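Subject: Structure handover, ligand sites

Hello,

Here is the structure for you to look over. My notes on the ligand sites follow below.

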Amino acid sequence: MNVPNHIAIILDGNGRWAKAKGMPRSYGHVKGCANLERICDDMKELGVKYLTVFAFSTENWKRSKEEVDGLMKLFRGYLEKCLKIADKNHMRVKVLGDASAFDQDIQDRIKILEEYSGKYNELHMQIALNYGSRDEIVRGVRKLAEDVEKGTLKPEEISEHTFENYLDTAGIPDPDLLIRTSGELRLSNFLLWQLAYTEFYFTDVAWPDFDRDELIKAIEQYNKRDRRYGGVKEE
Ligand code: IPE
Ligand code: IPE
Ligand code: MG
């Protein structure tokens, strides 16, 4: 089995999963968060080098205050616990998105986790928090325009490669496989630039139920794909 170098996952379906069990949406988020802890072990064991997960979008602030508050509480706990997960899996953690919208203590936890785990490089985990691809591109363009204004970058030096350095994912290879759980067939503003040549895998399984067997199924499907990058298939 050829294991993708970089897997990205849209962790979806926590709310519906809980509702189907007669439980509040927050229960689904707790179980989804536990599954995120677990899947890092699978990624490490299978030899995946990069894992990027979509955990909170720039649009998710539209949810009820109760749900958003519950998610913030969960992030606080997770970001702290993640120090141990980083140790266990020799995992470097980076948060993608605009962290400035979070309370200061959450921003501090992100900084501590990123700095602490910077010594590892076996598994690279990116967590997208208050992330939206359009927002990322606009923030990147703004930084780039500032550099042009300062004179440190010339317009003719702007290429796909230089532009990528202004994205939150600078230095991280593009995903090979994107997984979205729970049946929705859309990107919901996730990694629009980076997924240009990524293989997509959609499953009806809700995120809290997405286990190692489901991950292997997704990788097996990926192995059947014929990746061409615009070329022709070699016979
Ligand atoms: C994904 O589950 C987690 C977040 C977006 C924070 P959802 O909360 O979107 O669950 P559904 O899609 O409503 O079932
Ligand atoms: C996408 O899921 C964002 C995350 C998984 C964090 P949503 O559940 O928010 O997406 P939509 O609203 O169904 O498109
Ligand atoms: Mg959803």
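In this predicted model, an oxygen atom of ligand 2 is 2.6 Å from an N or O atom in the side chain of Ser 188. That is a polar contact (a pair of N or O atoms within 3.5 Å; within protein, one must be able to donate a hydrogen and the other to accept it, and residues adjacent in sequence count only if both atoms are side-chain atoms). The side chain of Asn 60 also has an N or O atom 2.9 Å from an oxygen atom of ligand 2. For Arg 180, a polar side-chain atom lies 3.4 Å from an oxygen atom of ligand 2. On its own, ligand 2 exposes 390 Å², and the protein buries 77% of that (Shrake-Rupley method, 1.4 Å probe).

The shell around ligand 2 includes Ile 10, Phe 54, Phe 56 and Arg 186 (a residue is near a molecule if one of its heavy atoms lies within 4 Å of it). Strand 2, residues 50-57, gives the most to this shell, with four residues (strands are DSSP runs of E, at least two residues; helices are runs of H or I, at least four; both are numbered from the N terminus). By class, the shell has five nonpolar, three polar and four charged residues (Ala, Val, Leu, Ile, Met, Phe, Trp, Tyr, Cys and Pro count as nonpolar, Asp, Glu, Lys and Arg as charged, the others, Gly among them, as polar).

Now ligand 1. Its surroundings comprise 13 residues, the closest being Leu 11, Asp 12, Arg 16, Arg 25 and Arg 63. Arg 63 has a side-chain N or O atom 2.6 Å from an oxygen atom of ligand 1. The backbone takes part too: a polar backbone atom of Arg 16 is 2.7 Å from a ligand 1 oxygen atom, and one of Asn 14 is 3.2 Å from a ligand 1 oxygen atom. The protein covers 88% of the 380 Å² of accessible area that ligand 1 has on its own.

Helix 1 (14-20), helix 2 (25-46) and helix 3 (65-89) each give two or more residues to the ligand 1 shell. Helix 1 gives the most, with three. The shell holds three nonpolar, five polar and five charged residues.

Two notes on conventions. Residues are numbered from 1 along each chain as its sequence is written, with chains lettered from A and ligands numbered from 1 in the order written. Local features need pLDDT of at least 70, side-chain atom pairs count only at pLDDT 80 or more, totals for chains, interfaces and linings use all residues, and side-chain values use heavy atoms, leaving out hydrogens and water.

Best wishes
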